[in-house]
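Reader: I'd like to learn how to read a model like this one, feature by feature. Could you walk me through it?

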Amino acid sequence: MEPLIKHLKNQVSIPDNELEVILQKFEQKQFRKKEHLLQYGNLARYEFFVIQGCARVYITDYNGVEHNSFFPVENWWAGDLKSFINNSPATFSIQALEDMTVLAITSKNWKILIEEVPSFLKYSHALFLNSVIGQQDRIVQSLSFTAKERYEFFIHQYPHLVQRITQKHIASYLGITPEFLSILRNRRTK
């Protein structure tokens, strides 16, 4: 629970009595490498705070091609927010790329915390704003950056991920083929 406590306190001021209430609403779960935390079409019963490990959040298009959206690692959240909030079928799938330990919270418990714990409401607000900003940045990169610029941004912004994620998954995230990513990597090292 310590990583979650630190994360919460970095975002908002939380009195100890409220922190206790928050922590009681989470349960620890383990996932093995390649196991799915969530699959497309299922209900997102949990949001996951990553304690250890790495996952990929992805969609599968009409041709069966997978497109990675992001890679939650330690101290990041993973989930399908639309499904979680609206109790609707998930648009995204989440798969562990490494063995994972997460703290999971149900939608019901999240709503209880928002209603009963003022600091958690502030935390949720900050979390969702950061998520929207991140998604906005991702859209701008996808629409206006070249493949080379997207790759350079990725390795600059997420240097810790480059060694943890396969070239295939990075290429999918960047919207390019693994072969073209290999060309970009080779050009960069020269």
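Reader: Which residue in β6 does F49 stand opposite?

Author: F49 stands opposite W77 in β6. A word on the ground rules: this is a predicted model, where local features need pLDDT of at least 70 and side-chain atom pairs count only at pLDDT 80 or more, while totals for chains, interfaces and linings use all residues. Residues are numbered from 1 along each chain as its sequence is written, and side-chain values use heavy atoms, with hydrogens and water left out.

Reader: What counts as a strand or a helix, and when do two strands pair?

Author: Helices (H or I, at least four residues) and strands (E, at least two) are DSSP runs, numbered from the N terminus. Two strands pair if DSSP finds at least two bridges between them. In this case, β3 and β6 run antiparallel and are joined by 2 bridges.

Reader: In what order do the strands of the open sheet come?

Author: The order is β1-β8-β3-β6, 4 strands with antiparallel pairing. The edges are β1 (27–31) and β6 (77–78), each of which pairs on one side only.

Reader: How many bridges join β3 to β8?

Author: There are 6 bridges between β3 (residues 46–52) and β8 (residues 100–106), and the two strands run antiparallel. Then move along to F49, whose bridge partner in β8 is L103.

Reader: What do β4 and β5 form?

Author: They form a hairpin, with 5 residues between the two strands. Strand β4 (residues 55–60) pairs with β5 in the antiparallel sense over 4 bridges, and T60 has E66 in β5 as its bridge partner. In the turn, look for G64, which has a positive phi of about 85 degrees.

Reader: On to helices. How is the packing of two helices described?

Author: Two packed helices are described by the angle between their axes and the distance between the axes. Axes here are lines fitted to C-alpha atoms, for helices over the stretch in contact, and angles run from 0 to 180 degrees between N-to-C directions. For α4 and α5, the axes come within 5 Å and cross at roughly 115 degrees. The contact (heavy atoms within 4.5 Å) involves W110, L113, I114 and E116 of α4, together with P118, F120, L121, S124, L127 and F128 of α5. These residues divide into 8 nonpolar, 1 polar and 1 charged. In that scheme, Ala, Val, Leu, Ile, Met, Phe, Trp, Tyr, Cys and Pro count as nonpolar, Asp, Glu, Lys and Arg as charged, and the others, Gly among them, as polar.

Reader: Which strands does α4 lie across?

Author: Helix α4 (residues 107–116) lies across β3, β6 and β8, and runs at about 65 degrees to β8.

Reader: What classes of residue line the second largest pocket?

Author: That lining divides into 3 nonpolar, 3 polar and 6 charged residues. The volume of the second largest pocket is about 180 Å³, and its lining includes K33, K34, R56 and E66.

Reader: How many cavities of 30 Å³ or more are there?

Author: The count comes to 1, and the volume of the largest cavity is about 40 Å³. R138, Q141, R150, F153, F154, Y158, Y173 and L174 line it. The largest share of that lining, 3 residues, comes from α6.

Methods. 1 Å grid on protein atoms, 1.4 Å probe; cavity = no way out; pocket = protein on both sides within 12 Å on 5 of 7 lines; lining within 4 Å. Points joined across faces, edges and corners; volume = space filled by probe spheres on them.
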